[in-house]
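Me: I'd like to learn how to read a few local features in a protein model. Could you walk me through them one at a time?

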Amino acid sequence: MTRAPWSCFRLCALLALQATCACLAIAADTAVADTKPPAHRPRIGLVLGGGGAKGAAHVGVLRVLEDLRIPIDCIAGTIMGALVGATFAAGQSPAAIEKQVLAIDWTQTVGGAGLRDRTRIHRKLAGAIYSNNFELALKGGQIRVPGGVLETQNVEEILRALVRNARLANNFDELPIPFRAIATDMQAGQMVVLDRGDLSVAMRASMAVPGLFAPVVMGKRVLADGGLIRNLPVDVVRQQCAEVVIAVSLASPPPRPDELTSALNLIGRTIDVMIDANQNAQLATLTERDVSIVVPMGDIGSASFDKVAQAIPLGRAAALTQLAALSRYSLPEADYRAWRASIDQRDSPEIRLAKVEITGLDFVNPAYVEQQLLNAKVGKVVSTSDIAADTSRVYALGDFQKVEYRISGEPSASILEINAVEKPWGPDFLRFDLGLAASISRDFALVIRGEHRRPWLNSLGGEWRSALQLGQRSILETALYQPFRIDQQFFIEPALRAQRRLENVFSDGNEIARYQFLDYYGQVDLGFNLDSRGQFRVGVRSGASRATLETGATDLPDLPTTQHSDLVVSAIWDTFDSAAEATQGTLAKLLFVSSGSLLGGAESYDEMELALGHALRIGGNRLLLAAAAGARLSGTLPTYRNFEIGGIRTFPGLEPGELRGDRYWTVMVNYGYKLADIQPLFGHAIYGGLRLQAVRMSNRLDGVPDGVIFGAAATVGGRTPLGPMLITLGAADNGRLQLQLAIGRPIEEGSMLDIFH
């Protein structure tokens, strides 16, 4: 579908219309300024309709109402109309609202960008889920799901910031402009007009799109998206105060027939039809005295938060088309200034904390939460942004559905109540993952993974974690993370792990055998956490390994079961913005293993491996620089401990495990040019790029002489709703060429380069 010519024509027409209307407005200003104030003016109610991201157009309408000096006596809003309307009702000027709306980082507010950097390191490293964002739970013998697939913490922080000075007004009639938010009672199926309580909570209830955002529970009522019942609450504002209604609705073009062929599109269209029907019924009640402003939104949809800046001018242009009708209600300059002064939001007084209360906790230790409050301390003078920074840190702990706050008392002796709402679908959490890899010269490799987590086994934050993975690499593991102190800086972690992996063995690039490797061991680590970015561990492990020939020449040997005992030291520093396909940050890891006879082991060797990578954005594109090296320091590495290079993630152009040896180094440069955004809000995008790499594997298992291998690969990939996706056409200067594909959970390829993907 091509709408560019029509869009250009429409933009030119709107600019011409806006210029004409501006001239008329100047003339109207002069005429109005010369008249006396009317003995009585009608009470004007403003209705702002729902529409998700499209609702930013309401800001443009407010700017026109201010230019025309039109006072507003009461407001009712739904969804984004509730956000803009409540902020205006709280005393913010249209210019201030526009500035704040444009300053919102929607990728962080809705998409969750930046949360990983604030996540505690033990949770960050415990295991990422790549193919989905769903966290289920086991409670009372039943599988439970969250109330919404999107997190609302950052949304609620934005709402609290927008109306921070008005949250103490329990009755919305006490706001500078009386206000009503519209929600739907999901149990009774009825409209709910919210006129009291915490203003930010009322806004959030109106915006709770079912399935996306968790509903808001008020008493016995479960409240969600007000647009389902009353997307344009004209009747509400009439009952509230209005003799004249200014109704702002947001119109999108209907879909084409060919866009209604899938089940998902039809379900979405069904909801749109329901909302349009209740909105049209309200528009039909408008009279000649009222003003209807319909904003054509073009290709800006409800989820187009990346186009908020484009929506605001559309609202202004639509309002200017109703200039004559609106001008009937303009005030003289002096009268309007007086009205504006009566509602303007005053600066917040300094907040000096006399008491800090933490409520809502059943499992999480309040002392652990209190340690995250770096600003909100008794006796300190704080701002609402200071408190929001603290609540964001608390939320990033990963135990809460939301973390909210309320301030009461006098500014000089305020009481701060932080209500941390634990995830109600716990306490046993389940996650599932899926990964797929393939190439033109091998079968599909598949892994299916399930994870269980039970946090807060005790007051120090003990956590039991287990995982079962089936496929090319089958894993069964369980571990108990137990901090020594409430700050969780020092910990002990005993673990059991069994792993079966199927791997091909090559000789000079030719596949000669397929082995089944089996490892099982127990390990105990002592560790140190460095905030959300670093971790150091030292531990001992004891177990056994063996290898069995699956296919290949019958004269190839099986490797008998061998006992081993190891001292293991590891350190990691991780500031990547994503566990896969990172676009920003640094990741470094060091691993040292010393195997000996301490616990009855039969092997004797020392090895070390190190990897370092840095990802950065260049405009809208990305660049990854990485290097890794591993070496046998003493003794002889057993076959099951050989370093491996090859595969779509470690060296495109080579098969997984094609290079095996006891010493290697590699360097890599990977540049990606953004081809298309899929879901910009969530950082989903596709990149096309080029990867250059060099590797040297020494003392190779196949006896091929050492030498540096250079490779290049054309790549297409990025983050998608199905997880990370990567397609490569790779070539190496030893004559190897591979077309490879990977989707979802990355399948390990045997070297520390795995950590970059």
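Reply: Happy to! Keep in mind that this is a predicted model. Let's begin with a cysteine: C74 has a relative accessible area of 0%, so it is buried.

Me: Which residue does C74 form a disulfide with?

Reply: The general idea is that a disulfide is a covalent bond between the sulfur atoms of two cysteines. Here the partner of C74 is C241, and the two sulfur atoms are 2.0 Å apart. The pair links distant parts of the chain, 167 residues apart: C74 is in strand β2, while C241 is in the loop between α11 (234-240) and β9 (244-251). C241 counts as buried because its relative accessibility is 13%, and the cut-off for buried is under 20%.

Me: How many disulfides are there by this rule, and what is the handedness of the one with C74 and C241?

Reply: The count is one disulfide. The torsion about the S-S bond of C74 and C241 is about -85 degrees, so this disulfide is left-handed.

Me: Now the backbone, please. Which residues have a positive phi although they are not glycine?

Reply: As background, most residues other than glycine have a negative phi, and most peptide bonds are trans. In this model, R69 has a positive phi of about 60 degrees, and W456 has one of about 55 degrees. R69 is in the loop between α2 (57-67) and β2 (74-78), whereas W456 is in the loop between β16 (442-454) and β17 (463-471).

Me: Are R69 and W456 buried or exposed?

Reply: R69 counts as buried, because its relative accessibility is 5%. W456 also counts as buried, at 8%.

Me: And where is there a cis peptide bond?

Reply: Look at the bond from G426 to P427, which is cis with omega near 10 degrees. P427 belongs to the loop between β14 (413-422) and β15 (428-439).

Me: How many aromatic pairs does a search of the whole structure find?

Reply: The search finds nine. One of them is Y481 with F491: the ring centres are 5.1 Å apart and the planes are at 45 degrees, so the pair is tilted. Y481 lies in strand β18 (residues 473-483) and F491 in strand β19 (residues 490-507), so this pair ties together parts that are 10 residues apart in sequence. Y481 is buried at 0% relative accessibility, and F491 is buried with a relative accessible area of 0%.

Me: Last one: which ring does the charged end of R622 sit over?

Reply: That is the ring of Y687, with the charged end 4.3 Å from its centre. In another case, R541 lies over the face of Y521, 5.4 Å from the ring centre.

How values were computed:
Residues numbered from 1 in each chain as written. Predicted model: local features only at pLDDT ≥ 70, side-chain atom pairs only at ≥ 80, totals over all residues. Heavy atoms only, no water. Helix = DSSP H or I, 4+ residues; strand = E, 2+ residues; numbered from the N terminus. Buried < 20%, exposed > 50% of the residue type's maximum accessible area, 1.4 Å probe, protein only. Disulfide = S-S within 2.5 Å. Phe/Tyr/Trp six-rings, centres within 6.5 Å; stacked < 30°, edge-to-face > 60°. Lys NZ or Arg CZ within 6 Å of the ring centre and 35° of its normal.
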